[in-house]
Each structure stands twice: as C-alpha cells, then as structure tokens.
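Reader: I'd like to learn how to read a model like this one, going from the whole fold down to a single residue. Could you walk me through it?

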Amino acid sequence: MTLFLLYESAAGYALFLRKEMEETAETEAEVQEAMLDAKKFAKMISLAAWTPFKDAEEALNQVNAVAAGTASEVLVNFLEMNLPKSKKKYSLGVYDPELGKELGLQFSISHGTTVRELLRGCRMHFGRLVKDLKELDLEKARLGLGHSFSRSRMQFDPNRQDKPIINTIALLDSLDKNINTFAMRVREWYAWHFPELAKIVTDNIAYAKVARVIRVRDSFDRERSQELNDACGSEEIADEILKATKVSMGQDIVEMDMQNIDHFALEVIKLATMRKTLHDYLKAKMDLVAPNLCSLIGEVIGARLISHAGSLTNLAKYPASTVQILGAEKALFRALKTKGNTPKYGLIFHSTFIGRAQQKNKGRISRYLANKCSLASRIDCFSDESSTVFGEKLKDQVEERLAFLTEGTTPRKNLEVMQEAIKEVKKRRKKKKKLEEAKKDCKCRGGGA
C-alpha cells in the first residue's frame, strides 16, 4: 500500500510520497538515522504535490483550522485532487490525531511512530524537498505566521478576558489580609496612648483616620472638631472621642513615636483607597465579561467562581453539582474518605441568598442557586451579545424559590422565565437599533455633535 504524508507548513500544504524500500528500512531506528542526512532522506521521500497559500490571511485561517482539528475546504480539495480515488490503494499519514479523525471520513488515515518520524524529517528538510520554495521565503512565512497566530490567540481566546478578573480578585484577597493585619497593628500601637478610642471607633479605616487627626491627645486643638467629624463620620462619635481624651488612662507618647504611627496609619488608608479602586474596576470588568453572573450572585462571588475554575469557559463547562461545592474540595474528599456527609456549598455560601435561608433550607437553596449560576455562566460565555436580562430573571427565580420554601407560594416555571427574558432582550435590541438609527439621522442632517 502506498503511503502519503500530509505536511502543513507556514507557506502551504505539501503531500509527500514514501518511496519503496526494504522492510528493514521501515524500522524507527533506520528512519531516524536516514533523517539526519538530507541525501538519504531524499531517497526515502519525494514531493507528490504542493499548494502554497495565497496570502497571510489564508495562511492564518488554515493554521487555525489545523490547530482546532478541523479539515478546511482548501485542505480537502487539495487531498481529493492529488490522492488516488480508491482508499485501498493508499494510506495518508497525518501527525495530529484530531485532524486524522476529521479526515478519516473521506480518506484512509494512518498514525504511528514511523509516520511521525517521517513527518519530522519532512519538517527538517522541507526547504530542500520543495525546490520551488526558497529558504528565505520560508523563514519569512514562518515568522509572519507565528506573529499572526500568537496575536489572534491573544485577542480571541475567551480565557484571556478572564485574566484581569482572576488577578484582581486575588489582589483584593491579599489587600484584605494586609489591611486587617496593618490596622490591627495601628490599634495596638496607638492603644498605648489612647486605649478608649478602640471601643468608640470600631471601623479600622475610620480608626486610622481619627488617630491621624488627634495624634497626641493632650495637644489636640478643639477647634479642629469639624475635621474630627469628617474622620469618624458622626458628630456623636466625635463628641465621645473628645470626652474620652480628657479622662484617658493611656500613657504619654513622644513625637517621634507619633510620627511613625501617623505614617503607618496613612499607609493603611492608602491601601483601603486602592482596594476601593480595585473593587470598582472588578465591578466594571465583571459587567463586561460576565454580566448575568454578576447580576445573579454579585461581582465578588462571581469573580471567585471564575478564578477557582480557571476561566469563564471552564466554569460554563462545569455541571451545577460541581459549581455548588466549588471551593470545598478538601471537605468533599475528607467526607468521601471518612464516609461522612458531603458539603452542601462552597464559595456560594457567601451569597446573601444562602444567608437569608433557614437552616433546614440552606442545602436546597445552594443547590438551586448553583443551577442558576451554571446557566448564567453558560449564557455569558457562549452568547454573542452581552446583557444582564437573564441574570436579573434568574435572580428573581431564586427570590421566588426562597419565598416558596418559607411561605409556600408557587414559583414560576423556568420555561416561562426564559421566554420573558428572550422577549425583553429582543425589546432592548430593537430600542438600541432605533437609537443608533436616530443618531445616524442626526449626523446626516448636521445635528449631531
């Protein structure tokens, strides 16, 4: 049986024919030895057909198809024109098994170590085997296609849109730990001088602000009461602080220590400001990447689910049972090992829905909420247009389920809710088109800015 070899290069598709040889030369060791020498390898392999790509755009499309394991129309036409019509007379060697499955419906495909070694030799000596192609042109094609392929992967890979969300939620968690640790140190440090302040001001950031305003309590200017009100956020609390400064049991503190406390408290306030900025950025990013999931469960918990799954695509592929216990893997494996009760919830435990549910209904709500989170993530991942309609409707369904478990009111069916959501999406789409047409008309008439 004749063996053909399909080689996908950066410049085009090539079809090589393995020449007749002795059986001893078919072993892997013989092939590898002949591959090192271009002359010996040329006696084993000859070029049967060659079709170059028209331009860089076609080359990128063909490489993307090969990477996805799909046979493009160009590739199928090339093989049909150059391979024998009878499948019994030949065998086509393909390197990628996925591409081989796709081509196996029309052609006789073969895999194996020998085929891979022969294709590796074709790649090594490709410039000499294809005489119509210059080595310099081949290098330029490889370089240009490599840049285009990498750029397209960076732009159109859906997982890349999740990277800022994953990094932001990880940074928020680190900031929360650092802010809590630093604020505790500020409280302990300043409590030597003014211990009563810790009971009056409970918020860490407000405590740091008040400490920077009061500084040394004996030298505090009473005329700065307005500045103190702004720091603690309440006049009543400010009056309590002023009263406490007169009867405080704290030790005296020197100015050098106070300068360090003031500097440390300022750093805590800066970290809190940075955290607020990052939280706003996370909210805006989640509204773009996963608007329905954000509307259903919130931006923080939604971002944690995406981060734990690795990407929005991975989260969309998970069943609802996996989403329900996502984040509780240790408890799950421990329960399976000890044959105990498995966990009812993971990261979604922080949702307000589970917090509002009764203790006996927490497991049911977590299961129902995980189902809706799975639907919302799939809509966000695979829908062409982003919208918050489905997330809002799914949130209403969870609210109805809560009411059903507590009051017994019958909730709406999922089919009815989804039909309402689709109608709402169509209405918003029509309204958006009308606005765009109105803007175009204004610009054409000269009335647009």
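Reader: Let's begin with secondary structure. How many helices and strands are there in the chain?

Author: Happy to start there, and please keep in mind that this is a predicted model. The chain holds 23 helices and five strands.

Reader: Next, the overall form. Is the chain spread out or a compact globule?

Author: The idea is to set the radius of gyration against what the globule rule gives for that number of residues. Here the radius is 34 Å, well over the 22 Å from the rule for 449 residues, so the chain is more spread out than a compact globule. The C-alpha trace spans about 105 × 75 × 65 Å along its principal axes.

Reader: And what share of the residues is buried?

Author: Of the 449 residues in the chain, 40% are buried. As for contacts with a separation of 6 or more, 65% of them join residues 24 or more positions apart. The accessible surface is about 26,700 Å², with 52% of that belonging to carbon and sulfur atoms.

Reader: How far apart do the centres of the positive and negative side chains lie?

Author: They lie 5 Å apart, for 73 positive and 61 negative side chains.

Reader: Now a single residue. Is aspartate 262 buried or exposed, and why?

Author: Buried means under 20% relative accessible area. Aspartate 262 has 14% relative accessibility, so it counts as buried. You'll find aspartate 262 in helix H14, which covers residues 255-289.

Reader: Which residues does aspartate 262 touch, beyond those up to four places away in sequence?

Author: Aspartate 262 touches Arg212 and Arg215.

Methods: Residues are numbered from 1 along each chain as its sequence is written. This is a predicted model: local features need pLDDT of at least 70, side-chain atom pairs count only at pLDDT 80 or more; totals for chains, interfaces and linings use all residues. Side-chain values use heavy atoms; hydrogens and water are left out. Helices (H or I, at least four residues) and strands (E, at least two) are DSSP runs, numbered from the N terminus. Buried means under 20% relative accessible area, exposed over 50%, partly exposed in between (1.4 Å probe, protein chains only). Contact means heavy atoms within 4.5 Å. The radius of gyration is taken over C-alpha atoms; the globule rule is 2.2 Å times the number of residues to the power 0.38. Accessible areas come from the Shrake-Rupley method with a 1.4 Å probe; for residues, only the protein chains shown count as cover. Lys and Arg count as positive and Asp and Glu as negative; His and the chain ends are not counted. The place of a charge is taken as NZ of Lys, CZ of Arg, CG of Asp or CD of Glu.
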